[in-house]
Amino acid sequence: MPAMSLMNRRNFLSLSAVAAGAAILPNATKDALAADQTSTGNPGSFDFIFLTDTHLQPELDAAAGCAMAFKKVQSIPADFVIQGGDHVFDSLAVDRARVDLVTNLYAETEKSIRKPIHHTIGNHDLFGLFSKKVNPDSPGYGKKLFTELHGPTYYSFDHKGYHFVVLDSIQPTDDRSWEARIDDPQLDWLASNLSKLAPGTPVIASCHVPLISAAGEYAAPAAKSGSGVAVTSAIVHQQLTVANAYDVIPLLEKHNTLAVFQGHTHINEDILFRGVHYVTSGAVSGNWWHGTRWGIPEGFTVVSLRNEKISWRYETYGFKTIAPENT
């Protein structure tokens, strides 16, 4: 199928980085962690893991599946993990009791990954936007819960000569929906952040909703209905890809950006555009814990950096759904 034809099929370099033994650090220490990881000189060689769309929930044996995935993540030599968003299912349309249940379950499950973890906000990580039981003045509403649990929604860190930028692609709207967009304050921050880099510093970005993707073209017309936009009170919001990617891409292209790692669509995809790889990873949850998503099983992406050269591979972990709805 078209989605599978875009999967990366290169011969990848073997893993050689030594596993980081540090425990998960609280988000309050994120700046200290970034400072500790900063190094001078030529970019080094290491691996990191990009995992996304865990959609953790007590149903569908998802907790056991996520635990399986995290156990394999921990077994792979890698310096750190980037979580690409949509940690739980769900925060958007539930009350406080449910969101506490799933976020606590995620926090406990994630403890098995004894590596530093950098979190990206996903649309399902916003609390209460779709719930009539949650008011905008409720504790944790919108992005507040995410920041309480994981820290800032956009930030950067450095590791062994590489600069990493984590972006926030989820913007709440006045009609209690959301749009995929990088807002103006974040654009200003990104331009300023990148402008401070030494010339030639390699850059890698994370963004939950893809900046660039052809996912909207893979499905049959009936399956496309509503997949790329949300309609609330006659207002249309773009949600399949970032609506103003045209503002973000030139900022990244001004620098030595190697790749942008993306989630949201639950498929594997690699689009090379003007020298930058836009890599969408299959989901830890596959088809939302119902099997394969357009032929792509549950898994995560292992990224190898070797002296400023980048490659990656997709790792599955053997989960078997109890409610198959393979696509």
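Predicted model: local features only at pLDDT ≥ 70, side-chain atom pairs only at ≥ 80, totals over all residues.
Me: Which residues are joined with E315 into one network?
Reply: E315 is paired with R313 in a salt bridge. Salt bridges that share partners extend this into one network. The residues joined with E315 are K72 and R313.

Me: How many salt bridges does the structure hold?
Reply: Side chains of opposite charge can pair when their charged atoms come close. One of these pairs is D47 with R306, and another is D100 with R96. The total for the structure is 10.

Me: Does R306 count as buried or exposed?
Reply: Its partner D47 has a relative accessible area of 0% and is buried. Buried means under 20% relative accessible area. The relative accessibility of R306 is 12%, so R306 counts as buried.

Me: In which helix do D100 and R96 both lie?
Reply: The side chains of D100 and R96 meet in a salt bridge of 2.9 Å, N to O. D100 is partly exposed at 28% relative accessible area, and R96 is partly exposed at 32%. The two residues are four apart, about one turn of the helix, and that helix is α4.

Me: What distance does helix α4 reach from its first C-alpha to its last?
Reply: Helix α4 covers residues 96-110, which is 15 residues. At 1.5 Å a residue, its reach is close to the expected value. The distance from first to last C-alpha is 21 Å.

Me: Within what arc do the buried residues of α4 fall?
Reply: The buried residues of α4 are V99, V102, T103, Y106, T109 and E110. Seen down the helix axis, they line one face of α4 because they fall within an arc of 125 degrees.

Me: Which elements do the buried residues of α4 pack against?
Reply: On the other side of α4, A97 and E108 are exposed. The buried residues, Y106 among them, pack against α3 (62-75), β2 (81-83), β3 (117-119) and α5 (144-150).

Terms used. Residues numbered from 1 in each chain as written. Heavy atoms only, no water. Expected span 1.5 Å × (residues − 1). Buried < 20%, exposed > 50% of the residue type's maximum accessible area, 1.4 Å probe, protein only. Arc of directions from axis to C-beta. Contact = heavy atoms within 4.5 Å. Salt bridge = Lys/Arg side-chain N within 4 Å of Asp/Glu carboxyl O.
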